[in-house]
Amino acid sequence: MNTRTLGTNGPTVSALGLGLMGMSDLYGAADEAESIATIHAALDAGITLLDTGDFYGMGHNELLLRDALRGRSRDNALISVKFGALRDVDGGWNGVDVRPAAIKNFLAYTLRRLGTDHVDIYRPARLSPDVPVEDVVGALAELVKAGHIRHIGLSEVSAETLRRAHAVHPITDLQIEYSLISRSPETDILPAARELGVGITAYGVLSRGLISGHWTARRETAGTDFRSHLPRFSGDNLDRNLALVEALRAIAETRGVTVAQIAIAWVLARGENIVPLIGARRRDRLSEALGAAAITLSESDLAAIEAAVPAGAAAGARYDEAQMAHLDSERA
């Protein structure tokens, strides 16, 4: 597995990271034994960056990761944790809390669940308009100084917010959705990150499975699968988006690779400062995704991909209206 550096002075990590959310939450039921086996397979393949959140399964994801890392060297896993999203006993959402006192509370619980004395990268999942980003980063800087976290990250923030945050304390990486059909970061956010020396960890590189090549119009989603509520997965939007996938499939077949592999390889090719997070929940999907790391896309490949799936071609927003309102990255 090749490596990349997150930010100018950040840690060296595997060129692909593993996102663990789907092993606990939001995509329907997952097999815990298979999830742990998938984490083990990722580590054995050289993946070092493991991304979780304290609200994934209301703590379940962190406990799952602790179990997966038991008996393995902590030094071989760089753990990235998101915090701040509030849940209720039924799995519902109750807003965001990023007050400094809350941050320290969240971290205390995270460290206990993970069974570790530090988190490598700690980041708010979303920001709150009631708490200036300077206060959030200031609290995180105190935790860096105390040794409880190694690096500060952010998630889904605008270029302006990233600059304000970076002025308080160096930001190691910005986690943001970035894929062939989610390209809004290219306008302002990616250039700002490069200017500041901030790395990018790109999630949703397969748009939650939509451009994996495995999704079909006939696929039914469970009630616990939040994709059933996303605009891109419904009605005419789905048909239009799957047509884009078929255009991409034609290119993939000429290269002898899968749709998922060429979509991931495209993100890898967007810059050495970008690390795609793959959300595989099973070993077979992980194995497929790992194949993307060996693909080198030529200029003609990239041109063909751009022609098949041009920027702005996706039908529908990536979240519903209520969730989009929480994204600082989408504010004009």
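In this predicted model, 25 salt bridges are present, a salt bridge being a side-chain nitrogen of Lys or Arg within 4 Å of a carboxyl oxygen of Asp or Glu. Side chains of opposite charge can pair when their charged atoms come close. As the model is predicted, local features need pLDDT of at least 70 and side-chain atom pairs count only at pLDDT 80 or more, while totals for chains, interfaces and linings use all residues. Residues are numbered from 1 along each chain as its sequence is written, and side-chain values use heavy atoms, with hydrogens and water left out.

Helices (H or I, at least four residues) and strands (E, at least two) are DSSP runs, numbered from the N terminus. Arg-72 is partly exposed, at 32% relative accessible area, whereas Asp-44 is exposed, at 59%. Here buried means under 20% relative accessible area, exposed over 50%, and partly exposed in between (1.4 Å probe, protein chains only).

A second bridge joins Glu-134 to Arg-164, also given as 2.9 Å, N to O. Because Glu-134 belongs to helix α4 (residues 133–146) and Arg-164 to helix α5 (residues 159–168), the pair ties together parts that are 30 residues apart in sequence. Glu-134 is partly exposed, with a relative accessible area of 29%, and Arg-164 is partly exposed at 34%. Elsewhere, salt bridges that share partners link Glu-156, Glu-177, Arg-208, Arg-318 and Glu-330 into one network.

The structure has one cavity of 30 Å³ or more, and the volume of the largest cavity is about 30 Å³. On a 1 Å grid over the protein atoms alone, a cavity is a set of points where a 1.4 Å probe fits but cannot get out, and a pocket is an open set with protein on both sides within 12 Å along at least five of seven lines; lining residues have an atom within 4 Å of a point. Grid points are joined across faces, edges and corners, and a volume is the space filled by probe spheres set on the points. Among the residues lining the largest cavity are Glu-156, Glu-177, Arg-318 and Glu-330. The lining of the largest cavity divides into three nonpolar, two polar and four charged residues; Ala, Val, Leu, Ile, Met, Phe, Trp, Tyr, Cys and Pro count as nonpolar, Asp, Glu, Lys and Arg as charged, and the others, Gly among them, as polar.

A nonpolar core is a set of buried Ala, Val, Leu, Ile, Met, Phe, Trp, Tyr and Cys residues joined through side-chain atoms within 4.5 Å. The largest such core has 109 residues, and Leu-140 and Tyr-122 are among those that touch the most other members. Helix α8 (residues 259–268) gives the largest share of this core, nine residues. Neighbours within four places in sequence aside, Leu-140 is in contact (heavy atoms within 4.5 Å) with partners including Phe-83, Tyr-122 and Ile-152.
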